[in-house]
Amino acid sequence: MNALLTDLYQLTMAAGYYTAGKHREIATFELFVRRLPYNRNYYLAAGLAQAVDYLLHLRFTAEEIAWLRGLPQFSRAAPGFFDYLANLRFTGDLFGMPEGTPVFPNEPILTVRAPLIEAQLVETYLLATIGFETLIATKAARIVEAAASAAVVEFGTRRAHGPESGVLAARAAYIGGCTGSSNVEAGFRFGVPVYGTSAHSWVMSFSSETESFRQLQQLLGEGTIYLIDSYDTLEGARKAIALGRPIAGVRLDSGNLLELSRGVRAILNQVGLADVKIMATSDLNEYRILELTAAAAPIDLYGVGTDLATSADSPSLGAVYKLVELEADGVKRYTAKYSEEKHTRPGAKQVFRYRNRDLIGCAWECPPDEEPAEALLRPVLAQGRLLAPLPDAHAARRTAQDNIKRLPHALRSLYATEHHPWRVDYSPALVSLDARVKQSLQEDTP
């Protein structure tokens with residue numbers, strides 16, 4: 001499954017590892033983010049389910065291997081390498097933070113421990129799926145925060161960077177706190193609640209606005225939400241209420257949403273329809289929604305599309321995947337990068353979460369007994385086998401909601417804080433290991 005969804009250099013390195021006899025060495029890689037994205041004080045882990053599905057089904061087909069053989073980059077590869085690919089399955093271990101976990105810079109979201117080629121080949125796919133879903137889940141959490149008591153629905157598939165991105169954006173947005181999505185495939189595949197009624201083309205296809213509303217009401221009954229701004233928003237509201245119940249809501253998709261929502265609310269309330277919801281769409285993001293919330297706009301539900309499905313203000317996460325250990329013939333060697341601004345720390349790690357801070361330590365460490373701590377990296381796969389069923393999107397959403405509620409209020413701001421209120425420390429053991437590895441590299445320099 002998706003074995004060729006990778007960068008070419010992953011495969012050329014794999015061929016080189018095989019030729020050099022390194023394919024039996026056991027490598028440990030960690031996936032993390034070096035710095036927070038724009039205006040973010042944390043990011044929300046998502047995408048673990050897709051990562052696990054990929055690892056469980058990873059394999060090369062005969063057709064794919066035949067195609068690889070014909071590439072000039074593999075003209076000198078050992079013949080046995082292609083037989084190796086034909087039998088390749090992921091046989092390693094995976095540790096991961098549960099989806100919906102708030103994460104901070106340099107904290108591993110995933111740890112992969114596997115034979116070197118297996119661990120190397122999966123880098124590109126893991127970075128793509130974890131990076132994208134984490135980005136969108138984080139964006140959704142911000143929008144939901146701005147909406148306060150109003151609900152948020154993800155509407156971005158048509159503007160996503162491809163149809164499958166739209167499906168995964170819907171899932172990630174749901175984990176981040178959205179009530180649901182317009183994406184039907186996400187509803188079928190992941191159980192994400194789906195929302196949607198009609199477009200302006202529906203209204204315009206009928207000879208009158210009233211007739212379009214009448215036909216919609218006959219179709220949807222109690223779930224009817226009228227799109228009332230095709231011609232004149234306030235007049236559209238009056239036409240909708242003239243049909244009487246059933247009516248669930250009305251949608252505003254243009255104009256001054258604050259003024260229009262107040263006008264529509266007054267029209268609805270005057271005829272005893274105070275329970276009818278007002279939904280707002282139209283190029284929304286967390287900043288516009290925050291303004292509407294602050295102005296007490298009577299909006300019950302927001303539909304957010306482009307800005308959410310693409311995380312428009314911060315469209316990339318910058319996740320990295322780095323080798324931290326290598327074991328050959330029972331001897332372990334710790335690895336790290338010491339290049340400027342890209343320093344990594346050696347050794348497999350664990351992240352311990354306390355009430356108001358995190359501690360990144362060595363994987364073999366136990367947290368100090370001074371106060372209760374939670375180990376965030378959990379075993380997910382062992383020797384290529386799933387240890388227990390993963391939580392579904394509903395459970396991941398609940399995890400996210402519970403975790404976000406426990407964050408300090410300053411971290412939930414839509415703007416980067418000047419003094420970050422969440423400490424992330426390194427354990428003395430990890431600091432010591434880092435120093436030893438750096439010293440050994442200096443001594444090895446001619």
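Tutor: The model is a predicted one, and it contains an open sheet of four strands in the order 16-14-15-19, with mixed pairing. Its edges are formed by strand 16 (374-375) and strand 19 (423-426), each of which pairs on one side only. Strand 14 (residues 349-353) and strand 15 (residues 357-362) run antiparallel and are joined by five bridges. Within this pair, Lys349 is positioned opposite Cys362 of strand 15.

From the sheet we may turn to the nonpolar cores. In soluble globular proteins, nonpolar side chains tend to be buried together. Here the largest nonpolar core comprises 60 residues, and the members with the most contacts inside it are Leu31, Phe60, Phe74, Leu85, Leu94, Leu126 and Tyr321. Apart from this core lies another, of 56 residues, which includes Val250, Leu257, Ile278 and Val304. Leu94 deserves a separate description. When residues up to four places away in sequence are not counted, Leu94 touches Leu48, Val52, Leu55, Leu110, Thr111 and Val112, as well as Arg378, Pro379, Val380 and Leu381.

Glu133 belongs to helix 6. Glu133 counts as buried because its relative accessible area is 0%, while the cut-off for that term is under 20%. The side chain of Glu133 makes a polar contact of 2.9 Å with the side chain of Arg171. Arg171 is also among the residues in contact with Glu133 once neighbours within four places in sequence are left aside; the others are Ala46, Gly47, Gln50, Glu99, Leu168 and Ala172. Leu44 lies 89 residues from Glu133 in sequence, yet the C-alpha to C-alpha separation of the two is 8.9 Å.

Helix 6 leads in turn to helix 13. In helix 13 (residues 286-294), the buried residues are Glu286, Tyr287, Ile289 and Leu292. These buried residues pack against helix 6 (123-147) and helix 12 (257-270), and also against strand 11 (301-304) and helix 14 (306-309). At the start of helix 13, Asn285 places a side-chain oxygen within 3.0 Å of the backbone nitrogen of Tyr287. Just after the helix, Ala296 adopts a positive phi of about 60°.

Terms used: Residues numbered from 1 in each chain as written. Predicted model: local features only at pLDDT ≥ 70, side-chain atom pairs only at ≥ 80, totals over all residues. Heavy atoms only, no water. Buried < 20%, exposed > 50% of the residue type's maximum accessible area, 1.4 Å probe, protein only. Helix = DSSP H or I, 4+ residues; strand = E, 2+ residues; numbered from the N terminus. Contact = heavy atoms within 4.5 Å. Polar contact = N/O pair within 3.5 Å; in protein donor to acceptor, adjacent residues only side chain to side chain. Core = buried A, V, L, I, M, F, W, Y, C linked by side-chain atoms within 4.5 Å. Pairing = 2+ DSSP bridges.
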